[in-house]
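Subject: Structure handover

Dear colleague,

I am passing on the structure we spoke about, and my notes on it follow below. Please keep it open beside you as you read.

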Amino acid sequence: MSGHLGPPARGDERTALLAANLAAVGDRVRRACEAAGRDPAEVTVIVVTKFFPASDVRRLSGLGVQDLGESRDQEAAPKYADVRTDTPGLRLHFIGQLQTNKAASVARYADVVHTVDRLKLVGALDRAVTDARRRLRVLVQVDLERHRDQTARGGAHPTLIPELVSAIEASQSLDLGGVMTVAPLGVDPDAAFGQLAQLAGQVRALVPSASWISAGMSADLESAVRRGATHLRVGTAILGSRPPLR
Ligand SMILES: *Cc1c(COP(=O)(O)O)cnc(C)c1O
């Protein structure tokens, strides 16, 4: 039974559950790669720890997980300030919608921001990262919703990608990693991720090193692998169900 949080587990049981869930997700990724004729080494699973405590991050780190994802600054900043000191080598991916006024905070601890979707955010992140004397890898989040007015998940309209790419390329401290999307609800994920793959090709034509395609979550990771995803963002299938959004 993967993906089940269940009653509060004692430490060792929780670690065993996380290990089993990680193994199950790893099997899914390997099978999907095999079916698609891809090398599993091309695909990174980012374990999304939002809503789960720092103790789970430490357990995951102990199990060899290096790529972790968070979506809310007010949760991620204190959690990872705490964890960073005793788990070196973590890569923290910020995957949530990012308000401009949180850019400076996120720029202090994130290694990658997956959700750059407007020029103002490029400017705010660049200033903050430059001030902090860091560099930051960023992905352009693409909105594939059919109806612009229904979008609630963030992301740039595909027609805006070239100007975002130019702005990131012109920045002082940002490195363009590639593209990211969340498959729209009610749309065949293969179609959405196929569209993302096309857009990723357009971005790579402009910036050959921007090879990341961040797509696929617990429910649709096979489809994302089929369509060329390089990074999967997996929460529920590894950590269990989250409490409902407040
Ligand atoms: C929470 C979240 C995920 C993980 O989703 P699961 O369905 O729990 O695997 C992936 N991507 C984004 C942007 C998220 O906010």
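A cavity, in the sense used here, is a set of grid points, taken over the protein atoms alone, where a 1.4 Å probe fits but cannot get out, and its volume is the space filled by probe spheres set on those points. Please bear in mind that this is a predicted model. By that definition the structure holds one cavity of 30 Å³ or more, and about 60 Å³ of space lies in the largest cavity. Its lining is made up of 11 residues, among which Asp143, Glu145, Arg153, Gly154 and Val182 lie nearest the centre, and that lining divides into four nonpolar, four polar and three charged residues.

Turning to the ligand, the residues around it include Val48, Lys50, Ile95, Met180, Val182 and Met217, together with Ser218 and the run Arg233, Val234, Gly235 and Thr236. This shell comprises six nonpolar, three polar and three charged residues.

Taken alone, the ligand exposes 390 Å², of which the protein buries 87%.

As for the aromatic rings, the count of aromatic pairs comes to zero, although Arg72 does lie over the face of Phe51, at 4.7 Å from the ring centre.

With best wishes

Technical notes
Residues are numbered from 1 along each chain as its sequence is written. This is a predicted model: local features need pLDDT of at least 70, side-chain atom pairs count only at pLDDT 80 or more; totals for chains, interfaces and linings use all residues. Side-chain values use heavy atoms; hydrogens and water are left out. A residue is near a molecule or strand if one of its heavy atoms lies within 4 Å of it. Accessible areas come from the Shrake-Rupley method with a 1.4 Å probe; for residues, only the protein chains shown count as cover. Ala, Val, Leu, Ile, Met, Phe, Trp, Tyr, Cys and Pro count as nonpolar, Asp, Glu, Lys and Arg as charged, and the others, Gly among them, as polar. Rings of Phe, Tyr and Trp (its six-membered ring) pair if their centres lie within 6.5 Å; planes under 30 degrees apart count as stacked, over 60 as edge-to-face and the rest as tilted. A charge sits over a ring if NZ of Lys or CZ of Arg is within 6 Å of the ring centre and within 35 degrees of the ring normal. On a 1 Å grid over the protein atoms alone, a cavity is a set of points where a 1.4 Å probe fits but cannot get out, and a pocket is an open set with protein on both sides within 12 Å along at least five of seven lines; lining residues have an atom within 4 Å of a point.
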